Amino acid sequence: MSSESRGSIHLDEAPRTLASGEREFMLDVHTQDLEVNMGPQHPATHGVMRILIRTDGELVTGAQPHLGYLHRCAEKIGENVEWLQYLPYTDRYDYLSAMNNNLGYSMAVEALMPGLEIPRRAQMLRTICVELNRIGSHLVAMGTYGLDIGAFTPFFYAFREREWMMALFEKICGARLTYSYIRIGGVFNDSPPGWLQEVERFCDVFEEKWQEYYDLLVVNQIFVQRTANVGVISKAMALDFGLTGPMLRGSGVDFDLRRDMPYMLYGEMTKQKVFDVIVARGEMGTLGDCWDRLYVRVVEMMESIKQVRWCLDNIKPGPVLGDIPKVLRIPIGEAYVGIENPRGELGHYVVSDGGKIAVRCRVRGPSFVNVAVLEELLPGTLLADAVAIVGSTDVVIGETDR
Amino acid sequence: MNVPMSAVERSNVFYDLLAKFAPAGVPTWVLALTAAGVGVGILITFVSVLAMFSVWMERKVSGHIQCRYGPMYVGGWHGWAQSLADGIKLLSKEDLIPLGADRPLFMLAPAIVLASIFGALTAMPLTPSVYFADIDLGLFFILAMSSMTTIGVVMAGWASASKWSLYGAMREAAQVVAYEIPLGLALLVPLLVVGTLNLREASELQSGWYGMHWLVFQNPFVFPALLLFFTAALAETKRAPFDLPEAESELVAGFMTEYSGIRWSFFFMEEYAAMFLMSVVAAIFFLGGFESPVTHLAREQFGADSPIYQATAGFVLLLKAMFGIFLMMWLRWTLPRVRIDQVMTMGYKYLTPLALVCVLGAGVWEAIF
Amino acid sequence: MTATKDYLFNVWNSLTTTLVGMKITGKYLLQKPITVQYPDERLPIPDRYRGIHYLEQEKCIDCLACARACPIDCIEMDAVRHGKELEWISFTLDYQKCMFCELCVYPCPKDCIHMGTEFAFVSFDRSEFKHDLLSFKGMAKEARIRMKGAEERKKAREAAKAAGLPFEEEPEAEPEEHG
């Protein structure tokens with residue numbers, strides 16, 4: 001194979017020397033590393049990510065993720081449409097947690113509007129939706145991770161509960177995937193009658209089903225063997241790469257924006273000790289392996305249920321939209337707001353010159369940052385482990401490419 | 001045993017029937033060949049119908065496990081004709097051969113895979129007196145023939161000129177070599193008890209206790225051996241959790257990546273035929289073969305030569321084999337896939353020693369009692 | 001010794017976790033599936049569903065608020081004003097572009113554009129995705145009558161003016177409520 005070909009990984013071409021214990025005749029055996037394109041059309045890359053891997057038998061000796069197959073200029077669009085009009089575009093970068101994206105963008109713009117007060121009911125509704133969406137997103141992460149490892153059935157169970165979650169969102173905002181529900185200054189609609197009770201029923205059922213996922217997938221011996229001690233990210237490495245979210249907590253770093261840089265109602269919840277931040281302890285193997293990352297996600301779902309229940313207990317009738325003019329003109333200034341997305345810190349940096357359109361709209365996507373670790377992590381693993389590691393980063397290609 | 005050694009005289013039902021109705025003067029070899037042709041025809045039909053039914057069953061089982069229905073429309077009742085429709089679709093598809101592929105090998109591979117599994121199935125008795133070949137080394141023959149599918153799979157992987165296919169083929173080769181040993185060792189345990197490799201005789205020898213004198217009940221080491229055999233058989237037939245040669249999420253479709261249409265369906269048929277074969281072997285050498293209280297009753301009531309007894313016995317065996325296939329499906333839709341080094345670890349470090357322990361224990365038990 | 005313990009633990013654990021998993025999957029094998037057979041039975045669609053738009057044309061005042069609110073400019077409207085009345089030429093929505101964000105619904109001052117519950121929209125031709133939301137072209141019957149009345153009044157007023165008589169303004173009839 002030609003190492004000059006475009007997009008190939010350049011390994012050092014130094015002549016092979018005799019390693020200790022190797023006989024001379026072994027040099028006559030010429031083995032060739034195989035360059036394989038994993039993706040953009042591959043069942044394990046969760047979309048259209050392409051990973052160029054170089055393998056020696058089953059062993060991966062080099063890997064290079066190639067991004068950009070789904071690039072849609074989201075940030076540039078943000079500088080060409082009005083403030084509110086950008087909202088539907090935020091749905092589309094991390095399409096599994098569109099509510100969180102809506103919230104991140106809305107909060108960034110709200111930070112530029114002094115004196116704007118978000119009604120408490122709107123904040124409650126926002127929290128419920130965001131946390132439900134987090135559950136849905138983690139369900140997909142868990143289900144597709146099961147698919148990567150080869151277990152098909154948990155995926156369908158996860159989608160069964162996610163279906164209910166989407167039906168709930170459908171009732172409150174009319175869409176199943178790209179919600180555009182949380183807007184600058186509050187939320188678009190108040191919850192329809194009976195919706196909050198249904199959310200409570202969902203919480204009850206979900207707690208039962210959660211135990212099934214745990215027994216069926218997370219503690220299954222084969223699953224543990226496949227994921228424990230695989231793709232270990234040490235604490236230092238996680239911090240160096242700027243990982244956030246479950247990837248960071250899976251490496252044992254106790255950091256969650258919801259608790260450590262509280263926004264919305266999370267400060268109140270932290271004071272009342274409503275939820276815990278789940279940090280992996282390396283139970284099944286080394287701290288920071290694939291199992292730990294999945295464990296953080298799976299257990300975090302239950303914490304989200306606690307938060308939703310707290311909101312359901314404290315929600316009161318009231319307005320759901322703050323004092324927002326029909327034509328938004330945001331005061332001059334710049335703001336960066338990072339929120340805890342299911343995949344990590346989703347930051348929005350917006351600059352306003354006082355007009356109807358943003359001057360700069362920049363997104364810090366968690367998947368984009370998290371995917372960088374693959375190049376470091378994949379070499380030296382088996383091909384099957386490579387799939388497990390890519391799955392454990394839980395990338396959403398819509399967001400890495402934006 | 002006192003058996004005539006001539007191949008022609010080792011008659012089976014088809015040969016007997018032909019010999020009865022053929023006009024005098026027809027040479028025996030013509031009769032033998034015709035009987036063989038009839039047998040092969042029946043076998044191919046049987047395997048095709050079986051594969052279709054198994055595919056339909058797999059889809060229904062997986063569907064219901066995953067809270068969905070599976071096929072529901074084709075044919076009316078619960079989509080029973082879905083596999084038939086799929087088969088017609090596969091037959092009418094374009095026969096694609098990749099440009100870089102090794103054409104002769106690429107075309108030969110599915111044929112070898114299917115032929116070897118057909119060959120293995122000839123040693124399987126359909127009922128106590130309807131069989132294609134009555135081979136004294138029946139089990140040995142089955143194991144040898146079913147291992148030959150590996151050659152076809154490796155051939156397919158190499159000839160496809162696709163990197164994913166090559167991975168799949170290499171995995172298959174490594175896996176089958178590793179699991180031949182525990183498979184054979186686990187089968188040694190019931191063989192120690194029953195003392196014959198002939199499938200028909202092995203079943204006959206379990207007919208005591210009103211049809212419940214199964215080998216699993218005769219020796220305490222046979223049951224663990226059954227578990228070991230089942231695990232090894234899963235690996236032999238490339239079923240989950242050992243479906244590494246076609247690991248979907250890793251190798252796209254493994255050795256079948258470049259195949260399509262009817263050639264692809266040959267691999268599919270082979271998989272289900274192999275599942276059936278392994279289930280039949282398990283049923284005969286562990287779970288009593290044709291024997292059950294129902295079979296016993298039929299024999300007592302109607303005599304060993306009556307068609308009713310034969311049909312009952314065949315049905316019982318089929319039922320046992322189908323239960324084995326169902327278990328394999330149930331496992332497939334429950335478990336994740338193991339990694340290639342874990343497959344090796346499991347084969348060499350767990351199954352082989354445990355099988356050896358079982359062989360030893362069974363031998364000691366047989367010597368004492 | 002620990003190695004032996006680990007070995008046996010692995011065997012035991014594999015067996016038990018497999019059995020636990022099979023128990024869960026077996027439980028669902030015997031239960032009724034939760035999916036519905038789509039074309040025969042359908043899940044209820046909530047009222048707020050964001051499907052294909054519909055327009056209450058009689059209310060619409062051609063203010064372009066929805067077209068301005070649209071992030072991708074997929075709404076195009078064209079109407080001719082005759083005094084207070086509107087003669088509709090087109091009100092198209094390009095569903096190749098539309099992303100069903102509902103931003104066009106909120107700014108409407110007359111609350112006349114809505115999103116319906118219809119979602120299936122299949123066509124062999126791309127041009128058919130450019131949907132005309134108008135239920136009728138030209139002028140509404142009532143608007144025609146109103147316009148005629150206004151013209152007659154105007155004529156009467158001019159005639160009265162020419163004759164030098166005082167003219168009494170009739171109160172204008174309120175437009176009928178629709179929907």
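Let's start with chain A of this predicted model: its average pLDDT is 84, and 92% of its residues reach a score of at least 70. One stretch to treat with care is residues 1–12 of chain A, where pLDDT stays under 50. For these residues the model has 11 contacts beyond four places in sequence. Where pLDDT is low, the predicted coordinates should not be read in detail.

Strand 6 covers residues 333–341 and strand 7 covers residues 344–352. A hairpin of two residues takes the chain from strand 6 of chain A into strand 7 of chain A. The two strands run antiparallel, and nine bridges join them. To find your place in this pairing, pick out Val337(A): standing opposite, in strand 7 of chain A, is His348(A).

From here we can move on to where the chains meet. Between chain B and chain A, 23 residues of chain B are in contact with 26 residues of chain A. On the chain B side, three helices each supply at least two residues: helix 7 (163–194), helix 12 (248–251) and helix 16 (340–368). Sorted by class, this side of chain B has 12 nonpolar, four polar and seven charged residues.

Chain B also meets chain C. Here, 12 residues of chain C are in contact with 12 residues of chain B. What classes of residue make up the side of chain C that touches chain B? That side has six nonpolar and six polar residues, with no charged residues.

Key. Residues are numbered from 1 along each chain as its sequence is written. Chains are lettered from A and ligands numbered from 1 in the order in which they are written. This is a predicted model: local features need pLDDT of at least 70, side-chain atom pairs count only at pLDDT 80 or more; totals for chains, interfaces and linings use all residues. Two residues are in contact if their C-beta atoms, placed from the backbone, lie within 7 Å. Ala, Val, Leu, Ile, Met, Phe, Trp, Tyr, Cys and Pro count as nonpolar, Asp, Glu, Lys and Arg as charged, and the others, Gly among them, as polar. pLDDT is the predictor's confidence in each residue, from 0 to 100. Two strands pair if DSSP finds at least two bridges between them. Helices (H or I, at least four residues) and strands (E, at least two) are DSSP runs, numbered from the N terminus.
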